[in-house]
Amino acid sequence: MPARRFAKAPAPIKAIARGKLSYAALAHIMMAKWGYHLPFYRQAQMMAAKGVDIERSTLARSAGYAAALLDPIYNRIREIGRTRTKIHTDDTRFPILAPSTGTTHKGALWVYVADDRNSGSQEPPIAWYRATMGRAGESVMSELAGFAGTLQADGFTGYNQIYRGGAIREAACLAHLRRKIFDVHDSQPTELSTTAMAGIQAIYRIEEEIRGLPPAERLAARRRRTRPLVRALRGQLMRQANGLSRHADIAKAFSYGTKRWRAFNRFLYDGQLEPDNLIAERAIRGFTVGRRNWLFSGSFAAAERSAVVLSVIETCKLCGVDAEAYMADVIERIQNDWPASRWDELMPWNWVRRQEMQLPLAA
């Protein structure tokens, strides 16, 4: 009788070599850190309270390894985003620890969002972030190299060099103008500020009514209903600004609008555009709130990892996808040698959760 031979199946590939954390655990750690803004030391305390003893440094290193697996997804999101014809952008401060000095660099986190659902587009909304050591227009020029279309942004002067070539058009943010006027109106209300606020409010009421309509229908409504309001607002700003001291707060607020009026008007001639940049502001608000929990990034490499995971989480959120489940599944597929020719199948808007494989019943 021949001797029996036993074949041993290869062990499944681990998320981290010689590590014990599962893909689901790694996704949970990343979601807690970058989705819910819980620093690693707080996560360690929460786990310890449940009898799980994991060092903060272990959590940090493990999250870094897992985030690196998301690089192909992040790079593909950026690549697709730059093919769109309209991008929203905004930035916020991102303190980054300087090695061996105990001080921090004045870093910045930039967000770029391509989301045209307000104009009835069926293209998936996407967002990505970039960390930089400083806040300069060159950072945006580098990131948007090859992009041609409209950039919806605030009045940061660093953007000016981007618009000079003509390939990228500026669309200013009406919400910034409204905010500047409101700040004055809130402390020193006048008939002038009240009238200006009412005019801007009327513009936004129309925008609410036409949200989600095709660009042609939005454009027609703006030409018929919004353009007279905008012209009246500009006339008021121009007339009143001429009679005010340039040092007056309300004059400074009005001046912000009159200096960039062509960019403020752009949404009146393109139904795809928005009157403001709130899409980008919403995408970066979570980070600015969560930043209070950790104060600074430990290194520029850590800041770049933050940008990667934030991009994946925010894009999942825009697409209505469970980001934690998505990351757990996708990092496992990538770790198991997912073919590079099929990255698009793993994009959040194309992702389909894997079904549990059914074990065959014994005969």
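On a 1 Å grid over the protein atoms alone, a pocket is an open set of points with protein on both sides within 12 Å along at least five of seven lines, a cavity is a set where a 1.4 Å probe fits but cannot get out, and lining residues have an atom within 4 Å of a point. Grid points are joined across faces, edges and corners, and a volume is the space filled by probe spheres set on the points. With that in hand, let us walk through the chain. This is a predicted model, in which local features need pLDDT of at least 70 and side-chain atom pairs count only at pLDDT 80 or more, while totals for chains, interfaces and linings use all residues. Residues are numbered from 1 along each chain as its sequence is written, and side-chain values use heavy atoms, with hydrogens and water left out.

First, the overall picture. The chain holds 14 helices and seven strands, where helices (H or I, at least four residues) and strands (E, at least two) are DSSP runs numbered from the N terminus. Its C-alpha trace spans about 105 × 50 × 40 Å along the principal axes. Of its 363 residues, 48% count as buried, meaning under 20% relative accessible area with a 1.4 Å probe and protein chains only, whereas exposed is over 50% and partly exposed lies in between. Among contacts (heavy atoms within 4.5 Å) with a separation of 6 or more, 67% join residues 24 or more positions apart.

Seven of its seven residues are buried, so E4 is largely enclosed by the rest of the structure. In a regular strand the side chains alternate between the two faces of the sheet. Here both faces are covered: Ala108, Trp110, Tyr112 and Ala114 are buried on one side, and Leu109, Val111 and Val113 are buried on the other. Strands pair if DSSP finds at least two bridges between them. E4 runs antiparallel to strand E1 (residues 86–93), to which six bridges join it, with His88 partnering Val113. Strand E5 (residues 126–132) also pairs with E4 in the antiparallel sense, over seven bridges, and there Tyr112 has Trp128 as its bridge partner.

Now for the open spaces. The largest pocket has a volume of about 530 Å³ and 21 lining residues, of which Lys33, Phe40, Ser297, Gly298 and Ala302 lie nearest its centre. Helices H1 (23–35), H2 (40–49), H3 (56–69) and H13 (300–318) each give two or more residues to this lining, and H3 gives the most, with five. By class, the lining has eleven nonpolar, six polar and four charged residues; Ala, Val, Leu, Ile, Met, Phe, Trp, Tyr, Cys and Pro count as nonpolar, Asp, Glu, Lys and Arg as charged, and the others, Gly among them, as polar.

The second largest pocket holds about 330 Å³. Its lining of 19 residues has Asn118, Arg211, Asp276, Leu278 and Arg282 nearest the centre, and divides into six nonpolar, two polar and eleven charged. Helix H8 (191–210) gives the most to this lining, with five residues.

Leaving aside neighbours within four places in sequence, Asp276 is in contact with His88, Gln152, Ala172, Cys173, Leu174, Ala175 and Tyr204. The C-alpha atoms of Asp276 and Leu174 are separated by 4.9 Å, although the two residues are 102 apart along the chain.

Leu174 lines it together with Ile203, Val230, Leu233, Trp261, Phe264, Asn265 and Phe267. Helix H11 (261–265) gives the most to this lining, with three residues.
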